[in-house]
Amino acid sequence: MRLYGSKVRIDNCEVKGIQGAVSIEGCQDAVISSGKYYTVNTPGNTDAFYALYITNDAIVTIKGGEFSAANDRSGGLPIEGTSAVVSGDNDVDLPTGNVILQGGKFSGKAYNHVTQVVYEPASGYKWQALTDSDNLKWEVVAEE
């Protein structure tokens, strides 16, 4: 699912993809509150990419939902899992996107593949390791 526009709201969806599940491009006001977004490899291949890709100056706030990817495409970044939420230039030199983490569960920490930076949660939130899930490794929770 490739989304453009001035305002995007995603709630309670399930999106399964191979190349990717959701790509948000250019939108300055995108919010994902719930749902399940994931990628899988085709049988016998390692061809899956990102559950959420953010590019072309898009800003996406994640407040909830589950994001999982089949593969680690981080090039060795310390994402401690797989490439679920990634920001970048769409391999065509677009401006990179940005993610604001205020919730959600992830198969690996979010990162920017151009700047090689792992994103930290928004102020007042933190990464918390999950131990009760096979594919979800991290959750963003409010600090106490």
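A residue counts as buried when its relative accessible area is under 20%, as exposed when it is over 50%, and as partly exposed in between (1.4 Å probe, protein chains only). By that rule Ser 83, at 0% relative accessibility, is buried. Keep in mind that this is a predicted model, where local features need pLDDT of at least 70, side-chain atom pairs count only at pLDDT 80 or more, and totals for chains, interfaces and linings use all residues. Residues are numbered from 1 along each chain as its sequence is written, and side-chain values use heavy atoms, leaving out hydrogens and water.

- Ser 83 sits in the loop between β9 (66-68) and β10 (85-87); strands are DSSP runs (E, at least two residues), numbered from the N terminus.
- The Ser 83 side chain makes a polar contact of 2.8 Å with the side chain of Tyr 111. Such a contact is a pair of N or O atoms within 3.5 Å; within protein, one must be able to donate a hydrogen and the other to accept it, and residues adjacent in sequence count only if both atoms are side-chain atoms.
- Not counting residues up to four places away in sequence, Ser 83 touches several residues, including Phe 49, Tyr 50, Asp 72 and Tyr 111; contact means heavy atoms within 4.5 Å.
- Ser 87 belongs to strand β10 and, at 1% relative accessibility, is buried.
- The side chains of Ser 87 and Tyr 119 are joined by a polar contact of 3.4 Å.
- Among the residues that Ser 87 touches, not counting those up to four places away in sequence, are Tyr 53, Tyr 111, His 113 and Tyr 119.

**The largest pocket**

- A pocket is an open set of points on a 1 Å grid over the protein atoms alone, where a 1.4 Å probe fits, with protein on both sides within 12 Å along at least five of seven lines; lining residues have an atom within 4 Å of a point.
- The largest pocket has a volume of about 370 Å³, a volume being the space filled by probe spheres set on the points.
- Its lining has 14 residues, and Gln 19, Ser 23, Tyr 50, Tyr 53 and Asn 90 lie nearest the centre.
- β4 gives the most to this lining, with five residues.

**Cysteines**

- The structure has zero disulfides, a disulfide being a pair of cysteine sulfur atoms within 2.5 Å.
- Cys 13 is partly exposed at 30% relative accessibility, whereas Cys 27 is buried at 0%.

How values were computed:
Helices (H or I, at least four residues) and strands (E, at least two) are DSSP runs, numbered from the N terminus.
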